[in-house]
Amino acid sequence: LEARVADPTGLVNTCSASLLVVGRLPRASAKDQNAEPLKLIPNKERYEAGDCAVVTVQSLLSDPCQAVAQLQGRGLLYTECFAIPPGGSHDLRFDVKEEWIPGAKKRLNVDVVVDRSASGTGEGLVGAQAGMDLEISYKIKCLTVDVRPGATHLTPGSKTDVSVSVHNAATKAPAAAADVAIWVVDEAVLALARGMCPRNPMPEDEPEAAEYFISPTPQ
């Protein structure tokens, strides 16, 4: 793509960008027919906000290829175009941001295109894909609540104080303007109302990342 703009004096400025549009191509195969042509190798099993994620894209193809990587969540969070030499690798590096948490599942997809039109095999353009879910800890968004009653034993009609402190579970810093609800319930009654207890506000399962990079045919 190339954009041009001219000022009133006729001076022209231009800027350009190269794009790789990935479509549905015949599948490229590795030298070992039983092996996947691409492997994604993360440097950690689970990431924290503020980490620099490094994911190695390992190619088992015998040809050089052009590739595009996308990290998808609620939108396209990160993308990179790069080249991989035959049987080589490339490291993807990106910062894990706090605003990604919680949100949709983070899915990293890599698509590669290989041009075999000059190889004499008649294959033309072929492609390969690899993907993985990126595990990100919710800890920075969680709170630690410490409750300390003023007395361990009480009699009917007596009064007591309850001390409550709320901190960020990751930084240990006090949580400002926290809303706290305190229940004083008999354990037998609580057992009968098990399904009515407050739930953890953090989602147990994130929705799937939407497909934001779709092209029906190669261009």
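1. Basis. Residues are numbered from 1 along each chain as its sequence is written, and side-chain values use heavy atoms, with hydrogens and water left out. Because the model is predicted, local features need pLDDT of at least 70 and side-chain atom pairs count only at pLDDT 80 or more, while totals for chains, interfaces and linings use all residues.

2. Strands here are DSSP runs of E with at least two residues, and helices are runs of H or I with at least four residues, both numbered from the N terminus. Strand 1 (residues 2–6) pairs with strand 2 (residues 12–16) in the antiparallel sense over 5 bridges; a pair requires that DSSP finds at least two bridges between the strands. Within this pairing, Arg4 has Thr14 of strand 2 as its bridge partner. The hairpin has 5 residues between its strands, and Gly10 in the turn has a positive phi of about 95°. Strand 1 is hardly covered: of its 5 residues, the count of buried ones is 0. Buried means under 20% relative accessible area, exposed over 50%, and partly exposed in between, with a 1.4 Å probe and protein chains only.

3. Strands 3, 4 and 7. Strand 4 (residues 52–59) is joined to strand 3 (residues 38–42) by 5 bridges, and the two run antiparallel. Ile41 stands opposite Thr56 of strand 4. Strand 4 is also joined to strand 7 (residues 89–95), by 7 bridges and again antiparallel; there, Cys52 stands opposite Asp95.

4. Lys106. This residue is found in strand 8 (residues 106–115). Lys106 counts as buried because its relative accessibility is 5%. Its side chain reaches the backbone oxygen of Trp100 at 3.0 Å.

5. The nonpolar patch. Leu143, Val145, Val147, Val162, Val164, Val180, Ile182 and Val184 make a nonpolar surface patch of about 720 Å². Patch residues have over 30% relative accessible area and no salt bridge, and nonpolar side chains are joined within 5 Å. Strand 10 (143–149) and strand 11 (162–168) each supply at least two of the residues, and strand 10 gives the largest share, 3 residues.

6. The loop between strand 11 and helix 1. Val180 is partly exposed because its relative accessible area is 47%. Ala177 is in the loop too and is exposed, at 76%. Phi of Ala177 is near 55°, a positive value in a residue other than glycine. Most residues other than glycine have a negative phi.

How values were computed. Polar contact = N/O pair within 3.5 Å; in protein donor to acceptor, adjacent residues only side chain to side chain. Patch = residues over 30% accessible without salt bridge, like charges linked within 9 Å, V, L, I, M, F, W, Y side chains within 5 Å. Areas by Shrake-Rupley, 256 points an atom, 1.4 Å probe, with all protein chains shown as cover. Salt bridge = Lys/Arg side-chain N within 4 Å of Asp/Glu carboxyl O.
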